Amino acid sequence: MKTNRILTTALLLCGLASMAQNKQTYPFVERDSTLYLDVHQPLLKRDDKAAVIAVFGGGFYAGTRDNAYQLSIADSLTRRGFTVISIDYRLGMKDTEMVKENSSLAKATGLFQYCIDIATEDCAQAIAWICDHAETLDIDTSRIILTGSSAGAITILQLDYCRANELPQASALPKGWMPAALIPYSGGILCRKGALIYRSKPAPTLLMHGTEDKVVAYKKFGIPFKAKLYGSNAIDKVMDRQHIPHWIIRFEGIGHEVASWFPGSVDMFCDFAEQALNGRENFLDATMNDSALQPTEWTHMGLFDLYKR
């Protein structure tokens, strides 16, 4: 009897999800293999035809565009009227032998840089395809929000950094295009040399990060005088220094768990998106707690621990 109730509930939830959206899959670029994107169309679309591009996490070695977490994002946001597009990108860390051969800090930094570069290039190519097919997809290309968690958060932050600084990894983007907003969960930006700086204005950005995160460092991580990954705390300081409006939400005592906090942040996500879409840019620096977000093994893990799992 209990099994029947569980099955009935699962079927009901699946039915409700299908009532909120419909999905189509398209190829967008040929690399070593074909990369695809899934377009989740809401049945009740926003009048402004805003869209969200969602980039999955997984340490550049795991994850898929259609995993359960990505589907939950699509379901939540299509219910709010957004078209949600979940994209593939190449996973540079998937070659385990390459990871073992580059296990020293100096070599790993170069490998990590390569992974971020190819993910950023693929994200730019996906956006170019989406903009080229905007009429078919029934979206407004000036109202595209980028979101991602962990590796996906790094990818979208890196993309906007490369766009603002006219770096080649973002060269596939349509000329003059910029995101309406960035909403990264536990992300960072890799700078090859020197300090992080924006040569032109970045998109409105909502940063969310755990203060104890050592997988994607909350502050920054890297080798002196070489490439560094700047986490949300460091990005916040740069944006403050350059008077760039943004929000930062800090979770004291929490590590990389924030990368999976989307279910607890849907209202905040939509509030920030609305402000950005309507040109109401401002500053917010807040520390938050959520009883559903508690320290786990991820709080004590570092970047290299991730690849030993």
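Reader: Hi! Before we start, what kind of model is this, and how are residues numbered?
Author: This is a predicted model, where local features need pLDDT of at least 70, side-chain atom pairs count only at pLDDT 80 or more, and totals for chains, interfaces and linings use all residues. Residues are numbered from 1 along each chain as its sequence is written, and side-chain values use heavy atoms, with hydrogens and water left out.

Reader: Thanks! How many helices and strands does the protein have?
Author: There are nine helices and 12 strands. Both are DSSP runs numbered from the N terminus: helices are H or I with at least four residues, strands are E with at least two.

Reader: And how much of the protein is buried?
Author: Of the 309 residues, 55% are buried. Buried means under 20% relative accessible area, with a 1.4 Å probe and protein chains only.

Reader: What share of the contacts join residues at least 24 apart?
Author: That share is 76%, among contacts between residues at least 6 apart in sequence. A contact here means heavy atoms within 4.5 Å.

Reader: Let's go to helix 8. Is it mostly covered or mostly uncovered?
Author: Mostly covered, as nine of the 12 residues in helix 8 are buried. Among them are Met268, Phe269, Cys270 and Phe272.

Reader: Nice. What covers those buried residues?
Author: The cover includes strand 3 (51-55), helix 2 (68-78), strand 5 (144-149), strand 6 (181-185), strand 8 (205-210) and strand 11 (246-251).

Reader: What comes just after helix 8?
Author: Gly279 is there, with a positive phi of about 70°.

Reader: And helix 7, how many of its residues are buried?
Author: Seven of the 10 residues in helix 7 (residues 232-241) are buried, including Ser232, Asn233 and Asp236. The buried residues of helix 7 pack against helix 6 (151-164), strand 7 (188-191), strand 8, strand 10 (228-231), strand 11 and strand 12 (284-287). Just after helix 7, His243 takes a positive phi of about 55°.

Reader: Switching topic: where is Gln41?
Author: Gln41 sits in strand 2 (residues 34-42).

Reader: Why does Gln41 count as buried?
Author: Because its relative accessible area is 13%, and the cut-off for buried is under 20%.

Reader: Which side chains does Gln41 join by polar contacts?
Author: The Gln41 side chain makes a polar contact of 2.6 Å with the side chain of Lys45 and one of 3.0 Å with that of Thr83. A polar contact is a pair of N or O atoms within 3.5 Å; within protein, one must be able to donate a hydrogen and the other to accept it, and residues adjacent in sequence count only if both atoms are side-chain atoms.

Methods:
Buried means under 20% relative accessible area, exposed over 50%, partly exposed in between (1.4 Å probe, protein chains only).
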